[in-house]
Amino acid sequence: MLNTNGVTIRFGKRTLFEDVNIKFNKGCCYGIIGANGAGKSTFLKVLSGELEPSKGEVSKEKNERLSVLQQDHFAFEEYTVLDTVIMGNRELYKIMKEKEAIYSKPDFSEEDGMKAAKLEERFAELDGWNAETDAAVLLNDLGILSENHYKQMSDIEAKDKVKVLLAQALFGNPDILLLDEPTNDLDLKSINWLEEFLINFENTVIVVSHDRYFLNKVCTHIADVDFGKIKVYPGNYDFWYESSQLALKQAKESNKKKEEKIKELQDFIARFSANASKSKQATSRKKSLEKIELDEIKPSNRKYPYIDFKPDREPGKEILQVKNISKTVNGEKILDNVSFSVKHGDKIAFLADNENAKTLLFQIIAGEVEPDSGELIWGTTITSNYFPKDNNYLFESDLSLTDWLRGYSKDPDETYVRSFLGRMLFSGEEALKKVNVLSGGEKVRCVLSKIMLSGANFLIFDEPTNHLDMESITALNEGMSKFKGNFLFTSHDHQLMQTVANRIIDLKQTGLVDKEVTYNEYLGME
């Protein structure tokens, strides 16, 4: 069991949260949620012991092992993949290396033999004889081929490093598991596997994630970082969201009734306080007025942008035909005779065995890359706009945010442009920031502003939820759901895929699969 007792974190004059008292119980999975900057990752660092609290303490049983998902993907470059996973249990790995050193000594002494015997005893207690097999099973389950298990970490692809570090965190059945954004950069199969792993995990899990579907699937509790506090609620993310919205609504309605009563009393006092015949009644009402206190509804740290894609014109019947598109990159054929037609009302989610295939196809449809062969036939009423997976090239200037967005607006009026920035939470001085210093999440919100300004009726989105917080993802989900035009999109956000798409196209290596079903229905077919 992991406990926090009066934990407070301050940076200078700013208090992230204070007096946090939580008991994290065995068998439970706690989802840490909160606005960007609220202190979610900081809280995990406090729990892991990486960061000392300003006040209070974190405690756990002495014999309990705590495991953390490492964030530095290049911290283990000189180690093999298999060793990196086993290092998840530091004591076990240390014993393994000590044993190897003793047994490799040319002058093996009696003292060495006694030390080796003690190490072997502890090694067996830690289930060391199964360590390599257990590590290999985790790697295989996450899609790391056996041929890569003995390679150096420096020799494997970036997408596989992420999986190795996840395997490291999960290795050896830790008593307490801390995961900061574990689904980032994982493919859908790996995310599904992780969900099942955590559902069946019998110890304590504490996870930070922006993936709503993931939190709903694995969490038994939600720890909400807001108002400078951390409060734990039973249930998954949806249960927390619906409950919190209901509580806020009830509080507002209660205050509204009180405000109406106060107004009624104030009006009465103003009208009759000077009237001698009713002065006693007015005095009584004044006393009633003084007794009414509005419940304090603290402003949440959470800020929801307003995302609404309004096409300038309705699309006609002819939308888009993609005919026999092929493309080879660096000698590898990424797209091979890809053909499909987009119909009126289609919102198509794309999957692919090769992640690059989706991005390349979207770049071709957006007109940013020429295909080797094939053609695109657009309907005459169609106007399109594109959200690229890597948007950095759009921000290579020292323009202010307002001037940058003005370049994409049909109406150059600053007030008009700023209204779109305001919707995306860039208000006041924020709108004057230089675009080349924006964070990843800020860039995404800028591109969404640009797309809203376009008035296009055909939108192409390549991983639009990357770098966004939960509130922005929720707003984007709502904006995409109510859009009246056509979408082609790809995302690792399960809930977005399920609630927006009415058709799935899977670019498999064996050929294109095209089904008019929801995302969950498609997964059930496989």
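Residues are numbered from 1 along each chain as its sequence is written, and side-chain values use heavy atoms, with hydrogens and water left out. Because the model is predicted, local features need pLDDT of at least 70 and side-chain atom pairs count only at pLDDT 80 or more, while totals for chains, interfaces and linings use all residues.

Student: Are helix 6 and helix 7 roughly parallel or roughly antiparallel to each other?

Tutor: Helices are DSSP runs of H or I with at least four residues, numbered from the N terminus. The axes of helix 6 and helix 7 (residues 188-200) cross at roughly 5 degrees and come within 13 Å; axes are lines fitted to C-alpha atoms, for helices over the stretch in contact, and angles run from 0 to 180 degrees between N-to-C directions. Angles under 35 degrees count as roughly parallel, over 145 as roughly antiparallel, 65 to 115 as roughly perpendicular and the rest as oblique. The two helices, helix 6 and helix 7, are therefore roughly parallel.

Student: Which residues of helix 7 make the contact with helix 6?

Tutor: Contact means heavy atoms within 4.5 Å. On the side of helix 6, the contact is made by Lys 163, Leu 166 and Leu 170. From helix 7 come Ser 190, Trp 193, Leu 194 and Phe 197.

Student: Is Glu 463 buried or exposed?

Tutor: Most residues other than glycine have a negative phi. Glu 463 has a positive phi of about 55 degrees, and this residue lies in the loop between strand 15 (458-462) and helix 15 (470-481), a strand being a DSSP run of E with at least two residues. Buried means under 20% relative accessible area, exposed over 50% and partly exposed in between, with a 1.4 Å probe and protein chains only. At 2% relative accessibility, Glu 463 is buried.

Student: What is the relative accessible area of Leu 425?

Tutor: Leu 425 also has a positive phi, near 75 degrees. Its place is in the loop between helix 13 (414-423) and helix 14 (440-454). Leu 425 is partly exposed, and its relative accessible area is 28%.

Student: Which helix gives the largest share of the lining of the largest cavity?

Tutor: On a 1 Å grid over the protein atoms alone, a cavity is a set of points where a 1.4 Å probe fits but cannot get out, and lining residues have an atom within 4 Å of a point. The lining consists of Leu 188, Ile 191, Asn 192, Glu 195, Asp 211, His 492 and His 494. Four residues, the largest share, come from helix 7.

How values were computed:
1 Å grid on protein atoms, 1.4 Å probe; cavity = no way out; pocket = protein on both sides within 12 Å on 5 of 7 lines; lining within 4 Å.
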